[in-house]
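Subject: Handing over the structure

Hi,

Here is the structure I said I would pass on to you. Have a look at it first, and then read on for what turned up.

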Amino acid sequence: MPLRWDPLLVRHLALELDHALAGAHLRALRLDGGSRRLALLLREATLEWDLHPSRGLPRLLPPVEPGAAEIPFPGRVRRVRSEADERLVLIEILATRGRPPRDLVVELLGNQWNALVVERPSGTLRHVLTRRDAPRPARVGGIWAPPPPSVREGAHAPISLPRWLEILGPVPPPDRARALVASVAWTSPLNAAALVDADPDPALALEKGHALWMSLAFGEAPVRPVLRKGAGGSQPYPWPLPGAEGEPVPSLLEAFGAVAGDGPTGPAEAGLPPPELLAALESARDARLRLATHLQAQLDALEDDAALREAADLLLARLRQVPPGAARAVVEGFDGAEVTLELDPALSAQGNADALYDRASRAARARERLPGLVRDAERQAASLEALLRRARSGSATAEELRAVLPAREERSAPEGGKPLPYRVFRSSGGLEIRVGRGARFNDDLTFHHAAPGDVWLHARHAAGAHVVLRWGKPGNPPARDLEEAAILAALHSKARTSGVVPVDWTLRKHVRKPRGSPPGTVLPDRVRTVMARPDAALLEKLAVEP
């Protein structure tokens, strides 16, 4: 059952929000039409307000970093207020960069719960989160039409006891609650019963009801928030009332937070996950998107395996026409036309044919494998994006996020607090890169924190860190990931100031440690070299842990 709102609850919630948010720096706004959630992302906190008619929970949560889905909304909160005897919360925003001030209006009228950004003084609507069937339609670019002001008596000034008796005295006791709500300000079904049933004596009941109304509507006593429990669920209210005392709570905001776990959705409605989890989920999504792009680029750049085989067949058929050491040869094609073949002068004609067959086989295997990998990466990115949207709307738990994030294997300090011998980076394609913390840690990284199939790298002829690119799959790692690992190896070497640094790489299983050699000294075998251009910006871009 949704929360019920009345003017007194709205007024005192607005006062609490004003105390908490006045002067806060606004960064972004989220209006999610699907879940009907509003979120104000401030530097100091996050105000999330669920405006779904089955829920209706405002909560003050820790700050989170704005994402791509949020609307940039720079400014400062001037104050939070409500109108007399109305169910409107107005958050006044002082905009920056010469923009006009704006109000964020939350309407809590019956089951028409809306959020609107109104530009002042024109009243132009800039953003809306409204029910499509709302009786007062609101559209961006239109002019906000506020609800008609309250005409109930006592909205701005107290009602005297004689006037109170004049209003309710002629009404039969069973009908007084209904008559009170229809004609007297600051009353509602949440408090009317207490205001008309304050004493068994009908005469005293009217006098006590008036005194209680004066205390609620115009009294100076501080609020004493309670959480009422009933068949329809929990209901926060600013005071305990006769017949509806409730459980004391420190504040209305804490009462709403307590209600958050009462609904049928349970813990899934627990609010925004910790900002570090949202950031990690964004990073994981971006990594899958980069991987899909990288794999698609590899697919697009594949050589034509049929053309390569045809060239190899032609080369074998014309071996005698190819002079030794030639970089190219012009031979007669199978159709009688001349064909120019590009050759490796270091290989014989037979060797060039074998190399062409090898290239054709690799291209064919890649053409068969890559489309599935692209689809998998895109599917994983889409799944992470959907989870990210749910997380930003507060409908995904932190446990759900942790379950899909990459396992942080070996990243916590071992027992005894000994630090790990490497720093962690993650390549654009999502592969983990481990960079040794120095010469005395290099051996530990290479021989105790790397698998045999991982790629090992080190700047050639320069002192520096060992680098491990986690791989362990058949074939070479993607060229972009290997290049980034090589750049990190160059940056963590004494050659970091060079324009281009040769970086040797091989599989970890081909690296051995000579007996008695100094720390960090190894002998790699089957080494290949990649030329790296040190780019310090990559350190921050790829860093995962310090």
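Predicted model: local features only at pLDDT ≥ 70, side-chain atom pairs only at ≥ 80, totals over all residues.

**The aromatic pairs**

How many aromatic pairs does a search of the whole structure find? There are four.

Trp213 and Phe218 form another pair, with ring centres 5.6 Å apart. Their planes stand at 70°, so this pair is edge-to-face. Trp213 is buried, at a relative accessible area of 1%, whereas Phe218 is partly exposed, at 25%.

The charged end of Arg102 sits over the ring of Phe73, 4.1 Å from the ring centre. Arg228 lies over the face of Tyr237, and there the distance to the ring centre is 4.5 Å.

**The sheet and the helix on it**

Next, please find the open sheet. Nine strands build it, in the order β4-β3-β2-β1-β5-β6-β7-β8-β9, with antiparallel pairing. Which strands stand at the edges? They are β4 (58–61) and β9 (124–129); each has a single partner strand, so one side of each is left without a neighbour in the sheet. From one strand to the next, the twist averages 30°.

Within this sheet, strand β2 (residues 37–42) pairs with β3 in the antiparallel sense, over five bridges. Here you will meet Trp49 again, as the bridge partner of Leu38.

Helix α1 packs on the sheet. The strands it touches are β2, β3, β4, β5 (71–82), β6 (88–95) and β7 (102–109). The direction of α1 makes about 125° with that of β5.

**Two helices that meet**

Two packed helices are described by the angle between their axes and the distance between the axes. For α1 and helix α6 (residues 252–259), the angle is about 105° and the axes are 9 Å apart. An angle from 65 to 115 degrees counts as roughly perpendicular, so α1 is roughly perpendicular to α6. On the α1 side the contact is made by Leu9, His12, Leu13, Glu16 and Leu17.

Ala489 is part of helix α12 (residues 479–491). Is Ala489 buried or exposed? With 0% relative accessibility, Ala489 counts as buried. Leaving aside neighbours within four places in sequence, Ala489 is in contact with Leu457, Ala459, Val467 and Val503. The C-alpha atoms of Ala489 and Ala465 are separated by 6.5 Å, although the two residues are 24 residues apart along the chain.

Thr446, in helix α11 (residues 439–448), also counts as buried, at 0% relative accessibility. Not counting residues up to four places away in sequence, Thr446 touches Trp456, His466, Arg508 and Val511.

**Some backbone details**

Most residues other than glycine have a negative phi, and most peptide bonds are trans. With that in mind, here are some places to look at.

- The peptide bond from Arg120 to Pro121 is cis, with omega near 5°. Pro121 is in the loop between β8 (112–119) and β9.
- His461 is not a glycine, yet has a positive phi of about 55°. The loop between β17 (455–459) and β18 (467–469) holds His461, which is exposed, with a relative accessible area of 80%.
- Arg526, not a glycine either, has a positive phi of about 55°. Arg526 is in the loop between β21 (523–524) and β22 (528–532) and counts as exposed at 60% relative accessibility.

Enjoy looking around!

Best wishes

Note on methods:
Residues numbered from 1 in each chain as written. Heavy atoms only, no water. Phe/Tyr/Trp six-rings, centres within 6.5 Å; stacked < 30°, edge-to-face > 60°. Buried < 20%, exposed > 50% of the residue type's maximum accessible area, 1.4 Å probe, protein only. Lys NZ or Arg CZ within 6 Å of the ring centre and 35° of its normal. Pairing = 2+ DSSP bridges. Helix = DSSP H or I, 4+ residues; strand = E, 2+ residues; numbered from the N terminus. Axes fitted to C-alpha atoms, helices over the stretch in contact; angles between N-to-C directions. Contact = heavy atoms within 4.5 Å. Parallel < 35°, antiparallel > 145°, perpendicular 65-115°, else oblique.
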